Amino acid sequence: MLSNSSKYAIRAVLYLTEKASKDLKIGSKKIAEDLIMPAPFLAKTLQELTKKNIISSVKGPHGGFYLSETDEKNSLFDIIECIDGADKFNDCYLGQLECSDTNPCVVHHLYVPFKNKLISKLKKKTILEMSIEYAENKNIINTL
């Protein structure tokens, strides 16, 4: 359901929660290397997150990416919306061009309650909460 871009973004944000701070910023190349991701692709993804105020960055020789206390209050949905757009969740589960309550595909009424519950949970789960879960179960980064 999530694009690779969103998966990379979530993994990178988790990485920042553990490795970076306001005093220790990390560059996109280091993050990409440690997480085994394409560096140019991740750099663009991190720039998008920065533009939308989901993560913070500083340019220059001692620059890089980090999370402020304000950033940690952003939600998982904020990350996904920034990268994939909120319309991602409105697409038909089967890929039909026209699918709605009045013109449903064969799984529409099964999928909509699941989708609504998922969106609600993604909007409630903050980066800080996600980082706490990650600290308890470090294999999350490798499974996203």
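**Exercise 1. Classify Thr102 as buried or exposed, then place Thr102 in the chain.**

Solution. 
Step 1. Take the cut-offs: buried means under 20% relative accessible area, exposed over 50%, and partly exposed in between (1.4 Å probe, protein chains only).
Step 2. Thr102 has a relative accessible area of 78%, so Thr102 is exposed.
Step 3. Find the element. Thr102 sits in the loop between α4 (76-84) and α5 (108-124). Helices here are DSSP runs (H or I, at least four residues), numbered from the N terminus.
Step 4. Compare with Tyr8. Thr102 and Tyr8 lie 94 residues apart in sequence, and their C-alpha atoms are 35 Å apart in space.

A note on the model. This is a predicted model, where local features need pLDDT of at least 70, side-chain atom pairs count only at pLDDT 80 or more, and totals for chains, interfaces and linings use all residues. Residues are numbered from 1 along each chain as its sequence is written, and side-chain values use heavy atoms, with hydrogens and water left out.

**Exercise 2. How many salt bridges are there? Describe each pair.**

Solution. 
Step 1. Apply the rule: a side-chain nitrogen of Lys or Arg within 4 Å of a carboxyl oxygen of Asp or Glu. The count is three salt bridges.
Step 2. Lys30 pairs with Asp34 at 3.1 Å, N to O. The two are four residues apart in helix α2 (residues 28-35), so about one helical turn separates them. Lys30 is partly exposed at 41% relative accessibility. Asp34 is also partly exposed, at 34%.
Step 3. Glu48 pairs with Lys51, with the closest N and O atoms 3.5 Å apart. Both lie in helix α3 (residues 39-51), three residues apart, about one turn of the helix. Glu48 is partly exposed at 31%, whereas Lys51 is exposed at 61%.
Step 4. Glu133 and Lys125 meet at 2.2 Å, N to O. Glu133 is partly exposed at 36%. Lys125 is partly exposed at 23%.

**Exercise 3. At what angle do the axes of α1 and α2 cross, and which residues meet?**

Solution. 
Step 1. The axes of α1 (residues 4-19) and α2 come within 11 Å and cross at roughly 105°. Therefore α1 is roughly perpendicular to α2. That class covers 65 to 115 degrees; under 35 is roughly parallel, over 145 roughly antiparallel, and the rest oblique.
Step 2. List the contacts (heavy atoms within 4.5 Å). Arg11, Ala12, Tyr15 and Leu16 of α1 meet Lys30, Ile31, Asp34 and Leu35 of α2.
Step 3. Sort them: five nonpolar, no polar and three charged. Ala, Val, Leu, Ile, Met, Phe, Trp, Tyr, Cys and Pro count as nonpolar; Asp, Glu, Lys and Arg as charged; the others, Gly among them, as polar.

Key
Axes are lines fitted to C-alpha atoms, for helices over the stretch in contact, and angles run from 0 to 180 degrees between N-to-C directions.
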